[in-house]
Amino acid sequence: MSKKIIHNARIITMNPNLDIIPQGCILIENGKIRHIGRECPDDADAEYTDAEGMFVLPGFINTHTHVPMTMLRGYADDLPLHRWLQEHIFPAEARLVTPENVRIATRLAFIEMIKSGTTCFNDMYFFEDIIAEEAQKAGLRGVTGESLIDFPTASFQSVDEGLALSEKLIRKWQGSPLIHPSVCVHAPYTCSKDTLLRAKRLADKYGILLHIHLSETQQEVEELLATTRMRPATYLHAIGLLDQNVIAAHCVRLDSHETDLLSATRTAIAHCPKSNLKLASGIADTEAYRKAGITVGIGTDGTASNNTLDMVEEMRFAALLPKVVHNDPEAGNARHALQMATINGAKALGLEHLIGSIEIGKSADLILVHGDSSNMLPVYDEYSAVVYAMNSKNVRSSMVNGEWIMRNRMLCHLDKEDTLENIKRLAQIVKP
Ligand SMILES: [Zn+2]
């Protein structure tokens, strides 16, 4: 049905005025929001959903993840990043990362993402064509790019091959309603200057996002200082890589000069608080970045370093951590955290014309959250309820591009039982 009406909803719009409509109605036609207001149109052709007791808000946007890493959830915990990657994750991936396994792990990730309110994700991994195909089947919106890196991977043997594959995927998916291709280049410490610049040229050729890890650990900073005499963000700026079409994941270790560089170039940040805590990488100073005018979204990173894809949890960490960093309870408030998880995530991905808020003309990517729940009532302030009290089980229904992908906690397009059986079988291959 092309027309849908959601009524009796408490609408948290996340529009520029942060308007909240206590009892409102949303009309969706052909995937787009056509009307928002207190009055509800009468339309015999529309499918009506009564949202009594529900908050309706934009779906969460996970701005940095590696979807198929669900296959390595809990595989190697409690280690520093470089040992974790080199001694555990890379060797396990060499055995596990096949097209078939990527498909299974992707389905598992999507079940978890949808059930916790994510409607859009920004991914960097291998066999991204499969991830894009599965996202389309699940009805999820995805920004997808093959992870370019200076050593052979499961999906390409050389940077030349990786770039050719990236371009093939861009051509295949560009213009798709749900899949937005990007170019991904792993990090300044795993990619040569030549690889970084070739990746950026490819992104610019198609006018699309470049997605990179940046300044995640002190070790990365020291390595870059040793090899380039520059800190990581200063180096990327010096080679001409930073601009408004770049999203840099982590940015835990930016100094004030690097913060100014990201601000001046309008480079966005994907803040991944739980992954940074778990690997003891540090805590990104998102208050400083926000005050510098940098667009900051929230990401979960992969489940091997988190170990969940739950944006509700991630958002809460993003709201709480600045308070300890600055010894100030007024730092990191609930409004800013929800903006990071929705509209600022959309801006960081260059998709704010399409998603991130409930506004007329935008795509209907939204979630219904049961606000009349024992863990959320009473509601004096909607932002407080969503950021400090809500949990993922309060997400009841979810819609992307005007199509339901979950209704009353039932997934519309994914077979949960089959996926869970497959992932248990897959895990036997690398069982420690
Ligand atoms: Zn990452």
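## Domains and a helix pair

In this predicted model, the C-alpha centres of domain 1 and domain 2 lie 28 Å apart. The domain assignment of the protein chain gives domain 1 as 3-58 + 358-410, while domain 2 covers 60-348. Where the two meet, 20 residues of domain 1 are in contact with 24 residues of domain 2.

On the side of domain 1 that touches domain 2, helix H14, strand E16 and strand E17 each supply at least two residues, and H14 gives the most, with five residues. By class, the residues of this side of domain 1 divide into 13 nonpolar, five polar and two charged.

| Element | Residues |
|---|---|
| Helix H14 | 382-389 |
| Strand E16 | 395-400 |
| Strand E17 | 403-407 |

The helix pair is considered next. Two packed helices are described by the angle between their axes and the distance between the axes. For helix H11 (residues 311-325) and helix H12 (residues 334-341), the axes come within 9 Å and cross at roughly 135 degrees. The crossing in which H11 passes H12 is right-handed.

From H11, Met311, Met315, Ala318 and Ala319 meet Ala334, Ala337, Leu338, Met340 and Ala341 of H12. This contact of H11 with H12 has nine nonpolar residues, with no polar and no charged ones.

How values were computed
Residues numbered from 1 in each chain as written. Predicted model: local features only at pLDDT ≥ 70, side-chain atom pairs only at ≥ 80, totals over all residues. Axes fitted to C-alpha atoms, helices over the stretch in contact; angles between N-to-C directions. Helix = DSSP H or I, 4+ residues; strand = E, 2+ residues; numbered from the N terminus. Left-handed = near helix turned anticlockwise from the far one by under 90°. Contact = placed C-beta atoms within 7 Å. Nonpolar A, V, L, I, M, F, W, Y, C, P; charged D, E, K, R; others polar. Domains from an automatic or database assignment.
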